[in-house]
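Please look over the sequence and the model below before reading on.

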Amino acid sequence: MRHPQDRLGRATVPAPRSSSPGPVQGRTALGHGARGIAYVLLILLGLIVGLAGCFVQALWFPGGLLLSLGGAFALFHGGRVLTGTRLGAALPAAGWFAMLLVANSPRPEGDFLLTAGLGSYVYLLGGMALGVMCATLPSPLPTHSRRDDSRR
């Protein structure tokens, strides 16, 4: 069996073919109805993560702060990946931020859930930055299957 040669006369061997199917382009795992339900659940999860973060970041500083920000990032990024849209990251971030606005409002008793301190400010500003980053990051570039590369 003779192998094809390149311009310098060296034999070239073709790359092994993969038996796995190529990536499916332009499809998300959720349909329109399921995506709408996911958006509502992501808003509710944003409210819950925001409230839980208010307590955790103050309770175990600085580890609780990192845990709270990590949970917020996981929710924002997970919403983006789950729905395949930027709105999937923006809606839980909006729910998270709405809960922090409620937590910062004064109560008749004079209590606040977020006190004026370094940890609270880092949680507030860091979480907003994470939400904006997750909502505005570009989608990953589509990968080409081997069949597409051979047509060039």
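The paragraphs below start with the overall fold and then follow helix 1.

This is a predicted model, in which local features need pLDDT of at least 70 and side-chain atom pairs count only at pLDDT 80 or more, while totals for chains, interfaces and linings use all residues. Residues are numbered from 1 along each chain as its sequence is written, and side-chain values use heavy atoms, with hydrogens and water left out.

The protein has 5 helices and 0 strands, where helices are DSSP runs of H or I with at least four residues and strands are E runs of at least two, numbered from the N terminus. Of its 152 residues, 26% are buried, meaning under 20% relative accessible area with a 1.4 Å probe, protein chains only.

Helix 1 covers residues 32-59, and because its 28 residues at 1.5 Å a residue should span 40 Å, the 40 Å between its end C-alpha atoms agrees; the expected span is 1.5 Å times one less than the number of residues.

The axes of helix 1 and helix 2, lines fitted to C-alpha atoms over the stretch in contact, come within 9 Å and cross at roughly 175 degrees. That makes the two helices roughly antiparallel, a term for angles over 145 degrees.

Definitions and conventions: Axes are lines fitted to C-alpha atoms, for helices over the stretch in contact, and angles run from 0 to 180 degrees between N-to-C directions. Angles under 35 degrees count as roughly parallel, over 145 as roughly antiparallel, 65 to 115 as roughly perpendicular and the rest as oblique. Buried means under 20% relative accessible area, exposed over 50%, partly exposed in between (1.4 Å probe, protein chains only).
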